Amino acid sequence: MSSSRYDDHAIAHIPEGEGAAGPNRPSGGSDPRSADRRAGGQAPGRAGSAGRASGRDGSRGPARGREGRRFAVLVLCLGLVALLALVSLGVGSRGIALPSVWHAVLHDDGSPDAIIVWRLRMPRTVLAVVVGAALALAGVVMQAITRNPLAEPGIVGVNAGASFAVVIAIAAFHVTAVSGYVWFAFAGAVLAALLVYTLTSKAAARSNHHTRLVLAGAALSASLGACTGILTMFNTEAFDSYRFWVVGSLENRGTGALTATVPFVAAGVLIALALGPSFNALALGDDTGAALGLRVPWVRAGGFLAVMLLCGASTAAAGPIAFVGLVVPHVLRLVLGPDLRWLLAYALPGGAALLLVSDITGRVIARPGEIEAGVVTSFIGAPVLLWLVVRRKGAVA
């Protein structure tokens with residue numbers, strides 16, 4: 001049976017102001033809408049419009065429900081980070097039970113457990129949370145401004161600049177304490193990132209700015225890595241101190257590294273979260289974003305500033321810890337989807353949880369010694385990311 005042009009769906013899309021007669025429409029009083037009006041009924045076109053309006057209103061309910069569930073899951077993730085932090089306070093060469101850890105956290109009474117928790121393990125645990133959250137957030141921002149899913153903060157020369165500055169501090173100024181060369185590392189990271197951004201922002205092909213950014217960062221990282229290798233090859237003192245920093249460790253960092261890191265990380269977090277809606281528009285492309293009223297150069301510069309603050313401060317405090325800024329955004333994107341506002345929010349507890357798990361694992365499997373968190377992060381992150389990619393590919397196929 002052939003459907004008439006005047007069925008419900010067809011009539012709902014006919015403009016209200018069309019005349020009664022037309023090339024395919026019977027003239028006179030045969031218009032169904034006129035018949036409905038004469039019968040005192042509602043016009044099908046208006047009914048269709050009302051249905052569509054109610055559909056739009058009804059769709060807000062499921063959208064609000066999804067956002068509510070996401071927010072609830074975010075709260076649960078923060079609770080998981082708090083639980084992992086308590087476990088981190090109790091794990092070490094001398095194990096402390098969770099009830100004793102909780103009592104020591106609430107009552108710093110000078111007992112042996114309280115001294116271990118507050119003097120030795122609390123700065124390390126808080127630094128793991130700060131560094132992990134900062135690196136994961138920097139990874140999300142880096143992938144957003146470059147529109148490259150393989151991008152991670154180290155590609156803009158941050159790690160190489162920090163490493164070279166640490167070697168200079170040790171070799172030229174004989175700085176051996178972490179609290180001393182953390183400022184050199186931060187300065188080196190910022191200068192290297194600024195150099196990469198300055199060189200690429202003056203390029204003529206603005207549309208390929210993100211590609212030039214990655215290539216320039218890779219070239220600068222290779223050059224600074226070669227300079228660092230030359231200095232450590234001929235300076236034994238610099239090599240001995242540098243090799244413990246370059247693997248990425250949270251051990252013996254103290255409160256000095258933490259207090260130097262937190263202000264810069266806080267500023268980077270605020271900038272990144274504020275740019276979340278703009279990153280969503282930027283993901284559509286530079287031309288589309290500009291058509292939507294987005295100031296693309298300013299958004300990309302703001303994102304780069306956030307990466308520079310987050311990754312520079314984190315690398316200065318704990319050394320180059322790889323894979324956090326790459327694996328966490330991928331895992332979150334597979335679970336949450338492409339909305340960068342939620343990816344930015346979930347990156348904070350996601351990165352903190354990954355680094356806490358890596359640090360705890362390194363202390364457990366090598367007791368009474370330990371394996372540095374940067375090494376364990378790669379061992380944990382690489383198989384997880386590979387499994388998720390293979391599983392995702394199989395699901396799509």
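1. Basis. The model is predicted, so local features need pLDDT of at least 70 and side-chain atom pairs count only at pLDDT 80 or more, while totals for chains, interfaces and linings use all residues. Residues are numbered from 1 along each chain as its sequence is written, and side-chain values use heavy atoms, with hydrogens and water left out.

2. Helix pair. Helix α5 spans residues 112-146 and helix α10 residues 254-274; they pack at an angle of about 30°, and their axes are 10 Å apart. Helices here are DSSP runs of H or I with at least four residues, numbered from the N terminus. The axes are lines fitted to C-alpha atoms over the stretch in contact, with angles from 0 to 180 degrees between N-to-C directions. The two helices are therefore roughly parallel to each other, a term for angles under 35 degrees. Their crossing is left-handed, that is, the near helix is turned anticlockwise from the far one by less than a right angle.

3. Composition of the contact. On the α5 side, the residues in contact are P123, V126, L127, V130, A134, L137 and V141; α10 contributes G254, T255, L258, T261, V262, V265, V269 and A272. Contact means heavy atoms within 4.5 Å. Of these residues, 12 are nonpolar, three are polar and none is charged. In this division Ala, Val, Leu, Ile, Met, Phe, Trp, Tyr, Cys and Pro count as nonpolar, Asp, Glu, Lys and Arg as charged, and the others, Gly among them, as polar.

4. Nonpolar cores. The largest core has 91 residues, of which M142, Y181 and F279 touch the most other members. Its largest share, 15 residues, comes from α5. A core is a set of buried Ala, Val, Leu, Ile, Met, Phe, Trp, Tyr and Cys residues joined through side-chain atoms within 4.5 Å. Beyond four places in sequence, F279 touches residues including V141, A144, I145 and A272. A separate core of eight residues includes L89, V101, I116 and M122.

5. T228. This residue is found in helix α8 (residues 209-234). With a relative accessible area of 4%, T228 is buried (under 20%; exposed is over 50%, partly exposed in between, with a 1.4 Å probe and protein chains only). Leaving out residues up to four places away in sequence, T228 touches S163, F164, V167 and Y242.

6. H174. The loop between α6 (158-173) and α7 (178-201) holds H174, which counts as exposed at 55% relative accessibility. The C-alpha atoms of H174 and A238 are separated by 8.4 Å, although the two residues are 64 residues apart along the chain. Not counting residues up to four places away in sequence, H174 touches A169 and E237.

How values were computed: Parallel < 35°, antiparallel > 145°, perpendicular 65-115°, else oblique.
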